[in-house]
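A careful account, with the cut-offs behind each term, would be welcome.

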Amino acid sequence: MHPLIWITMNKDTLLFLKDLAVNNNREWFAENKQRYEAARQDVLQLTRHLIERIAEFDDEIKFLEPKDCLFRIYRDIRFREDKSPYKRHFGTYIAKNGGHRSKYSGYYVHLEPGNCVLAGGIWCPDSAGIKKLRDIIDTEHETLRAILNEKDFVRFFGNDLVRSADALKSVPRGYPKDHPAAEWLKLKSIIVECPIDDSTVDSDDFEDFIIEGCRAMYRFSHWCNDAFFEN
């Protein structure tokens, strides 16, 4: 057991999100503002503990503030068909250089009833970034594949990158169609993720589960940052 005193997540945090999903309007939210504040503090407390424990093996994030990692629950609906004012989840991103504003790979925890996830990687870079990402995959795919095949990594994330909906249907121009990393070259992000059962979130082992997953992701995350930002 880790020496930090850990209070398990309040079961009302996911329950609040379940209720919000079917009452996504300003009137209901105003009436339940105290529930929201309690749930938000619950996630901030989780984030604080995660920062302290992740910093034991990744000291680049040790000076982060939890409030800088937690995404706002309010949606930007200006250019969206869905005018629901609130997100149906809490998201916290523990990454150097700004937390949730960071472009670096870090550790993302997504809390949403029926869709909780631990993830990391480089998400949606600009067009120049996508080209750089593909060049990195072109030349360093063997190193990446070795990382994805590590035992602890596979236990949490499998041994492949996430194929997102915006992935290309064919290998982009400039790369051989029979490239050994052809499927990765089609991607516009380099992401890994581990789904988490709601029962795990509500358990006494949730924080330890996240820490073990982040530790397994550490080498992948630093490979992303070294390859993408240092080269």
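How many residues does helix H9 have, and how far does H9 reach from its first C-alpha to its last? Helix H9, residues 206-229, has 24 residues and reaches 32 Å between those two atoms, which is close to the 34 Å expected at 1.5 Å a residue, where the expected span is 1.5 Å times one less than the number of residues. Helices here are DSSP runs of H or I with at least four residues, numbered from the N terminus. At methionine 217, H9 bends by about 45°, the bend being the angle between axes fitted to the seven residues ending there and the seven starting there.

The model is predicted, with local features needing pLDDT of at least 70 and side-chain atom pairs counting only at pLDDT 80 or more, while totals for chains, interfaces and linings use all residues. Residues are numbered from 1 along each chain as its sequence is written, and side-chain values use heavy atoms, with hydrogens and water left out.

Two packed helices are described by the angle between their axes and the distance between the axes. The axes are lines fitted to C-alpha atoms, for helices over the stretch in contact, and the angles run from 0 to 180 degrees between N-to-C directions. H3 and H9 pack at an angle of about 45° with their axes 10 Å apart, and they are therefore oblique to each other (under 35 degrees counts as roughly parallel, over 145 as roughly antiparallel, 65 to 115 as roughly perpendicular, and the rest as oblique). H3 passes H9 in a right-handed crossing, that is, with the near helix turned clockwise from the far one by less than a right angle, anticlockwise being left-handed. Contact, meaning heavy atoms within 4.5 Å, is made by Leu46, His49, Leu50, Arg53 and Ile54 of H3 and by Phe206, Glu207, Asp208, Ile210, Ile211 and Cys214 of H9. By class, this contact of H3 with H9 has seven nonpolar, one polar and three charged residues (Ala, Val, Leu, Ile, Met, Phe, Trp, Tyr, Cys and Pro count as nonpolar, Asp, Glu, Lys and Arg as charged, and the others, Gly among them, as polar).

Helix H5, residues 127-148, packs with H9 at about 145°, their axes 10 Å apart, and H5 passes H9 in a right-handed crossing. Among the residues that meet are Leu133 and Ile136 in H5 and Phe220 and Trp223 in H9.

Helix H1, residues 11-22, crosses H3, residues 33-54, at roughly 130°, their axes coming within 9 Å, and that makes H1 oblique to H3. This crossing is left-handed.
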